[in-house]
Amino acid sequence: MKRAFSLSEISEALDDQSNSTMRRSKSQENLQRVRATSNLNMPSSPTASVGSAHNSRMPMLSEKELREHFNMPLNEVAKKYGMCTTALKKLCRKYGVMQWPHRKLRSLEKKIASLRAEQRYTTDGR
């Protein structure tokens, strides 16, 4: 058997729907207002008007600069250049670096140091 809805239940449901659409339209208005003010604050340049902002961005680091920092942890390099780690990882992948090599390099340096110490010990002990 179907449940019959009372008029008060129906009106409450309609009020809830109108409130949610009103909230949605208010948020869209706020978003448009923020976009308009941010467009006013942006410097006018020929590159800003041509194409999207994503295409006009230049990479912050060159591949050479990036490779010079492989001996540092990823977080420190990201802080140094004022970018988040995710952006730095994306830049690395663009240059073909799939994993940040700091830990691997550090482990290799430790192995080299221990082998040199062992070599000194065996040559001195003869």
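Colleague: Which residues touch the most other members of the largest nonpolar core?

Modeller: In this predicted model, the largest nonpolar core has 13 residues. H5 and H6 are the elements that give two or more residues to this core. Those that touch the most other members are Leu 61, Leu 66, Phe 70, Leu 88, Cys 92 and Trp 100.

Colleague: What does Leu 88 touch, not counting residues up to four places away in sequence?

Modeller: Leu 88 is one of the buried residues of helix H6, which spans residues 85-94. What covers the buried residues of H6 includes helix H4 (63-68) and helix H5 (74-80). With residues up to four places away in sequence left out, Leu 88 touches Leu 61, Leu 66, Leu 74, Val 77, Ala 78 and Met 83.

Colleague: Within what arc do the buried residues of H6 fall, seen down its axis?

Modeller: The buried residues in H6 are Leu 88, Leu 91 and Cys 92. They line one face of the helix, because seen down the axis of H6 they fall within an arc of 100 degrees.

Colleague: Which exposed residues does the face of H6 turned away from its buried side carry?

Modeller: Leu 88, Leu 91 and Cys 92 are the buried residues of this helix. The face turned away from that buried side carries Lys 90 and Lys 94.

Colleague: Which residue with a positive phi follows H6?

Modeller: Helix H6 covers residues 85-94. The phi of the residue in question is near 95 degrees, and that residue is Gly 96.

Colleague: How many aromatic pairs does a search of the whole structure find, and is the pair stacked or edge-to-face?

Modeller: The search finds one aromatic pair. The ring centres of Phe 70 and Trp 100 are 5.2 Å apart. Their planes stand at 90 degrees, and planes over 60 degrees apart count as edge-to-face, so the pair is edge-to-face.

Colleague: How many residues apart in sequence are the parts that this pair ties together?

Modeller: Phe 70 lies in the loop between H4 and H5. Trp 100 lies in the loop between H6 and helix H7 (102-124). The pair therefore ties together parts whose separation in sequence is 30 residues.

Colleague: Is His 102 buried or exposed, and what does His 102 touch?

Modeller: His 102 is in helix H7. Its relative accessibility is 13%, so His 102 counts as buried. Not counting residues up to four places away in sequence, His 102 touches Phe 70, Asn 71, Met 72 and Pro 73.

Colleague: How far apart in space are Arg 106 and Asn 71, C-alpha to C-alpha?

Modeller: Arg 106 lies in helix H7 and is partly exposed, with a relative accessible area of 39%. Arg 106 and Asn 71 are 35 residues apart in sequence. In space, C-alpha to C-alpha, the distance is 7.5 Å.

Colleague: How far apart are the closest N and O atoms in the salt bridge of Glu 63 with Arg 67?

Modeller: The structure holds one salt bridge. Glu 63 and Arg 67 both lie in helix H4, four residues apart, which is about one turn of the helix. Glu 63 is partly exposed at 33% relative accessible area, and Arg 67 is partly exposed at 43%. The closest N and O atoms of the bridge are separated by 3.0 Å.

Technical notes
Residues are numbered from 1 along each chain as its sequence is written. This is a predicted model: local features need pLDDT of at least 70, side-chain atom pairs count only at pLDDT 80 or more; totals for chains, interfaces and linings use all residues. Side-chain values use heavy atoms; hydrogens and water are left out. Buried means under 20% relative accessible area, exposed over 50%, partly exposed in between (1.4 Å probe, protein chains only). The arc is that of the directions from the helix axis to the C-beta atoms. Contact means heavy atoms within 4.5 Å. Rings of Phe, Tyr and Trp (its six-membered ring) pair if their centres lie within 6.5 Å; planes under 30 degrees apart count as stacked, over 60 as edge-to-face and the rest as tilted. A nonpolar core is a set of buried Ala, Val, Leu, Ile, Met, Phe, Trp, Tyr and Cys residues joined through side-chain atoms within 4.5 Å. A salt bridge is a side-chain nitrogen of Lys or Arg within 4 Å of a carboxyl oxygen of Asp or Glu.
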